[in-house]
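Please consult it alongside the sequence and the model.

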Amino acid sequence: MMRAACILMLRCLLSCALAFGAWPAIAAQEAAAFAPQPLPAGTLRIWGHPSFSGVVQRWAEGFRRFHPEIAVVPQLMGSDTAVPGLYGGRADIALLGREPNITDENGFLRPKQYKYTLVELMNGSLDVNAMSPALAVLVHRDNPIRRMTLQQLERVAACGDAGAAHAALTWGDLGATGEWAGKPVRLYLPNIESGTGLFLLSRITHNSRRLDWDRVEDFTDRRHADGSTYRATEQAADALRADRYGIAISNLHALTPELAPVALAAEAGAPFVLPTRANIIDHSYPLARRTYAVIDRPPGKPIDPKVREFLRYALSREGQADIAHEPGYLPLSAAVRDAQTQILH
């Protein structure tokens, strides 16, 4: 009887600890796994997008437990300022909430005469706006087509060398029968000049911008009078709600009962997968986003020790656990984390 009462009390204590946030403290007892290396005193300057602020703060706090001699100074003004801060000598680490673009690459290469080093740190979110959410292909809930390949999306956009002969003009061209077979397909997507749009084109058109604008419409973020943002992905989903036979490339944040997500395959013969946290983390969902650290590593030379040590922490068990305390971004899989850690050697 006494033994059962003790067990019950322990369970209650554990439940209370979890409910009131003691779990992070328990996890912190495993911090020895990071194995810090000695560093001289100094300052680590981190530039990037404001959406990183919560995670960077946790990384900085965790890092300072091992390296109180390093002052971590974030300056998070946007992804577009991050790489210029790096090659301009004002930042030690540039954090990108999007894939690097030609402006980042050329901007660094011209003054440095060598390429930057790229390290993947986190996966983008499943459905949290401004935290690199995965793109979702949405259709009307009545639509019989619930699986598509990226090549089929390319055909809907009617781009590529094959031109109109290659295009999927109707739902019948995508495999639908009956009522849907002869219905024309229209595509709604985020502005192709935005970071989201450029990422999308890199996945479905191999960076070609030769879209059939008679059937494709893109949207740009708009500011409401109250200061809130009407996001391009929300506009695409709203356009689909008014067009039963359309396709919207949006995200799950814009999903409503009238719409349904489509399972995607990266290529013919590949498995069809839906946007889920698990499929983002294991890199099986082809329109998932990732986040990166860009660092300056001259050829034949080691990485700045404080930069290397901070990124080692971010990729460690403790650093990846820090991500879970902030809603949005998702941690790396063990395999990806190990591969990224190898880049730092």
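In which helix is Glu318 found? Glu318 belongs to helix α11, which covers residues 317–324. The model under discussion is a predicted one. Its protein chain contains twelve helices and 14 strands, and 48% of its 345 residues count as buried. Among contacts in the protein chain with a separation of 6 or more, 71% are between residues 24 or more positions apart.

- Glu318 of α11 counts as buried because its relative accessibility, 7%, is under the 20% limit.
- The C-alpha atom of Glu318 is separated by 7.9 Å from that of Gly62, although the two residues are 256 positions apart along the chain.
- Glu61 is located in helix α3, residues 53–66.
- With a relative accessible area of 37%, Glu61 falls between the limits of 20% and 50% and is therefore classed as partly exposed.
- Between Glu61 and Asp322 the C-alpha distance is 9.9 Å, while their separation in sequence is 261 residues.

**Nonpolar cores**

- In soluble globular proteins, nonpolar side chains tend to be buried together.
- The largest nonpolar core of this model has 50 residues, of which Met148, Trp171, Ile247 and Leu264 touch the most other members.
- At least two residues of this core come from each of β5, α6 (150–157), β7 (186–190), α7 (195–204), β8 (216–219), α8 (232–241) and β11 (246–250).
- Helix α8 provides the largest share of this core, with five residues.
- Another core lies apart from this one; it has 34 residues, including Ile46, Trp59, Ile70 and Val72.
- Which residues does Trp171 contact, leaving aside its neighbours within four places in sequence? Among them are Val139, Asn143 and Ile145, then Ala176, Trp180, Ala181, Lys183, Pro184 and Val185, and also Tyr245, Gly246 and Ile247.

**The five-stranded sheet**

- Strands of a sheet pair through backbone hydrogen bonds, either parallel or antiparallel.
- An open sheet of five strands has the order β8-β7-β11-β5-β12, with mixed pairing.
- At its edges are β8 and β12 (259–261), each of which pairs on one side only.
- On average, neighbouring strands of this sheet are turned by 25° against each other, direction ignored.
- Helix α8 packs on the sheet and touches β5, β7, β8, β11 and β12; the direction of α8 makes about 165° with that of β11.
- Strands β5 and β11 run antiparallel and are joined by three bridges.
- Val137 has Ile249 of β11 as its bridge partner.

**Helix α7**

- Which residues of α7 are buried? They include Gly197, Phe199, Leu200, Leu201 and Ile204.
- These buried residues of α7 pack against α6, β7 and β11.
- His206 follows α7 and has a positive phi, near 55°.

**The largest pocket**

- The volume of the largest pocket is about 720 Å³.
- Its lining consists of 27 residues, and those nearest the centre of the pocket are His49, Ser194, Gly195, Thr196 and Asp221.
- Helices α4 (79–87), α7 and α8 each contribute at least two residues to the lining of the largest pocket.

**Positive phi in loops**

- Where is Gln113 found? Gln113 is in the loop between α5 (102–112) and β4 (117–123).
- Gln113 is not a glycine, yet its phi is positive, about 65°.
- Because the relative accessible area of Gln113 is 65%, over the 50% limit, Gln113 is exposed.
- Ala130 lies in the loop between β4 and β5 (136–140).
- Ala130, a residue other than glycine, also has a positive phi, near 75°.
- Ala130 has a relative accessible area of 39%, between the limits of 20% and 50%, so Ala130 is partly exposed.

Technical notes
Residues numbered from 1 in each chain as written. Predicted model: local features only at pLDDT ≥ 70, side-chain atom pairs only at ≥ 80, totals over all residues. Heavy atoms only, no water. Helix = DSSP H or I, 4+ residues; strand = E, 2+ residues; numbered from the N terminus. Buried < 20%, exposed > 50% of the residue type's maximum accessible area, 1.4 Å probe, protein only. Core = buried A, V, L, I, M, F, W, Y, C linked by side-chain atoms within 4.5 Å. Contact = heavy atoms within 4.5 Å. Pairing = 2+ DSSP bridges. Axes fitted to C-alpha atoms, helices over the stretch in contact; angles between N-to-C directions. 1 Å grid on protein atoms, 1.4 Å probe; cavity = no way out; pocket = protein on both sides within 12 Å on 5 of 7 lines; lining within 4 Å. Points joined across faces, edges and corners; volume = space filled by probe spheres on them.
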